[in-house]
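Here is a short tour of one protein chain, written to be read with the structure open beside you.

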Amino acid sequence: MPTLAPEPKIFACKQSEALGKDIAEAFGIPLGKVITSHYSDGEFQPSFEESVRGSRVFLIGSTFPNSDHLMELLLMIDAAKRSSARHITAVLPYFGWARQDRKDKPRVPIAAKLVAKMLEAAGATRIITMDLHADQIQGFFEKPVDHLFASTIFLPYLRSLNLENLTIASPDMGGSKRAYAYSKFLNSDVVICYKQREKANVISHMELIGDVKGKNVVLVDDMVDTAGTLTTAADLMMERGALSVRAVCTHPLLSGNAYERIEKSQLLELIVSDSIPTKPNDKIRVITCAKLFADVMLSVNANKSISGKFLM
């Protein structure tokens with residue numbers, strides 16, 4: 001007898017519901033309904049309002065802010081497993097805790113590895129995510145990981161700007177590989193910012209490696225948190241003679257007074273994905289990643305290659 005392909009079903013965690021609807025629409029099926037019951041002490045319980053038995057379930061959920069949304073995703077994975085779903089794909093447009101990918105001092109956790117193990121223990125059989133803070137986090141999983149690059153959605157927009165004397169910049173040494181990849185595709189120069197931190201999210205000193213005089217600069221990074229690095233870099237580059245400074249950051253965490261910093265800075269534009277919801281802002285341009293995820297999910301569901309989804 002022929003084996004029936006599992007029926008695909010898509011559900012979204014609360015924070016990622018808007019993106020989930022867009023992904024489901026691009027995929028071609030309605031977003032599944034989830035009801036969450038809340039207890040007075042803060043405990044909550046998600047419930048699928050349709051059968052998932054024998055289905056290929058895609059659960060969409062970025063884990064920011066961190067704890068509650070991670071826990072919600074874990075509970076939904078467990079619910080799908082206990083409801084006899086055949087495949088459970090955890091779709092994390094933003095993978096939280098990724099900055100803790102190693103022991104950078106004694107007696108600290110490797111949180112990214114812990115999160116990977118929790119997702120697998122809950123029952124995830126596949127992971128789809130985008131622009132991990134460190135590529136090696138893929139190796140923390142024993143299950144297949146599809147690691148997507150937001151350059152697929154950002155590069156066409158950057159090309160459409162037709163910027164003369166374009167220079168790609170990395171806001172720190174760790175992002176130089178990403179900056180060189182963008183520069184190779186756009187045939188541009190590269191500059192790098194060297195920074196020293198007093199502590200997390202606090203910069204004590206920044207210096208520029210390279211020339212930006214007379215250049216239109218695009219800073220490239222995987223995330224923007226407090227926006228301290230980006231705004232400091234943008235102001236420094238304008239002081240050194242840059243014509244304009246834009247920034248491309250995949251994940252808009254935008255915590256603390258990030259919005260205020262961006263408004264007051266000399267950044268012309270901050271280009272982000274909708275992996276995390278943002279507040280309306282004149283300087284922030286959001287480019288959706290819904291079609292990228294939907295296309296990859298369609299390929300996964302049909303057991304087809306996804307290599308054609310990468311521009312670089």
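Thr167 is buried, with a relative accessible area of 0%. Keep in mind as you look around that this is a predicted model. Thr167 sits in strand β8, which covers residues 166-170. Leaving aside residues up to four places away in sequence, Thr167 touches Ser188, Asp189, Val190 and Val191, as well as Lys215, Asn216, Val217 and Val218.

The domain assignment divides the chain into domain 1 (8-148) and domain 2 (151-287). The contact draws 12 residues from domain 1 and 14 residues from domain 2. The C-alpha centres of the two domains are 28 Å apart. For the N-terminal part, UniProt (in an unreviewed entry) places the feature "domain: Ribose-phosphate pyrophosphokinase N-terminal" at residues 9-123. Over that stretch, 9-123, the chain is 35% helix and 22% strand, with its end C-alpha atoms 16 Å apart.

How much area do domain 1 and domain 2 bury between them? The value is about 1,200 Å², with 56% of it on carbon and sulfur atoms. On the domain 1 side, Phe64, Tyr94 and Asp131 lose the most area to domain 2, together giving 41% of what that side buries. There are also 2 salt bridges between domain 1 and domain 2, and 6 residue pairs are in polar contact across the interface.

## A covered helix

Helix α4 (residues 151-160) is mostly covered, with 7 of its 10 residues buried. Those buried residues are Ser151, Thr152, Ile153, Phe154, Leu155, Tyr157 and Leu158. Their cover includes helices α5 (176-186) and α8 (290-301), together with strands β11, β12 (244-252), β13 (269-273) and β14 (284-287). After α4 comes Asn162, which has a positive phi near 50°.

## Positive phi in two loops

Trp97 has a positive phi near 70° and lies in the loop between β5 (87-92) and α3 (111-122). With a relative accessible area of 27%, Trp97 is partly exposed.

Ala227 also has a positive phi, about 70°. Its place is the loop between β11 (216-224) and α6 (228-239). Is Ala227 buried or exposed? Ala227 counts as buried, at 4% relative accessibility.

## Salt bridges

Side chains of opposite charge can pair when their charged atoms come close. The structure holds 15 salt bridges. One of them joins Glu50 and Lys9, at 3.4 Å from N to O. This pair links distant parts of the chain, 41 residues apart: Glu50 is in the loop between β3 (44-48) and β4 (56-60), while Lys9 is in strand β1. Glu50 is partly exposed at 34%, whereas Lys9 is buried at 13%.

Glu269 pairs with Arg285, their closest N and O atoms being 2.8 Å apart. Glu269 belongs to strand β13 and Arg285 to strand β14, so this bridge ties together parts 16 residues apart in sequence. Here Glu269 is buried, at 11% relative accessibility, and Arg285 is partly exposed, at 40%.

Within helix α3, Glu120 and Lys117 are 3 residues apart, which means about one helical turn separates them; their salt bridge has its closest N and O atoms 3.4 Å apart. Asp78, Lys81 and Arg82 are linked in a salt-bridge network, and Lys177 bridges to Asp135 at 3.7 Å.

Notes
Residues are numbered from 1 along each chain as its sequence is written. This is a predicted model: local features need pLDDT of at least 70, side-chain atom pairs count only at pLDDT 80 or more; totals for chains, interfaces and linings use all residues. Side-chain values use heavy atoms; hydrogens and water are left out. UniProt positions are given in the numbering used here, feature names are shortened, and annotations may be inferred rather than shown by experiment. Helices (H or I, at least four residues) and strands (E, at least two) are DSSP runs, numbered from the N terminus. Buried means under 20% relative accessible area, exposed over 50%, partly exposed in between (1.4 Å probe, protein chains only). Contact means heavy atoms within 4.5 Å. Domain bounds come from an automatic or database domain assignment. Buried area is the accessible area (1.4 Å probe) that two parts lose on being put together, summed over both. A salt bridge is a side-chain nitrogen of Lys or Arg within 4 Å of a carboxyl oxygen of Asp or Glu. A polar contact is a pair of N or O atoms within 3.5 Å; within protein, one must be able to donate a hydrogen and the other to accept it, and residues adjacent in sequence count only if both atoms are side-chain atoms.
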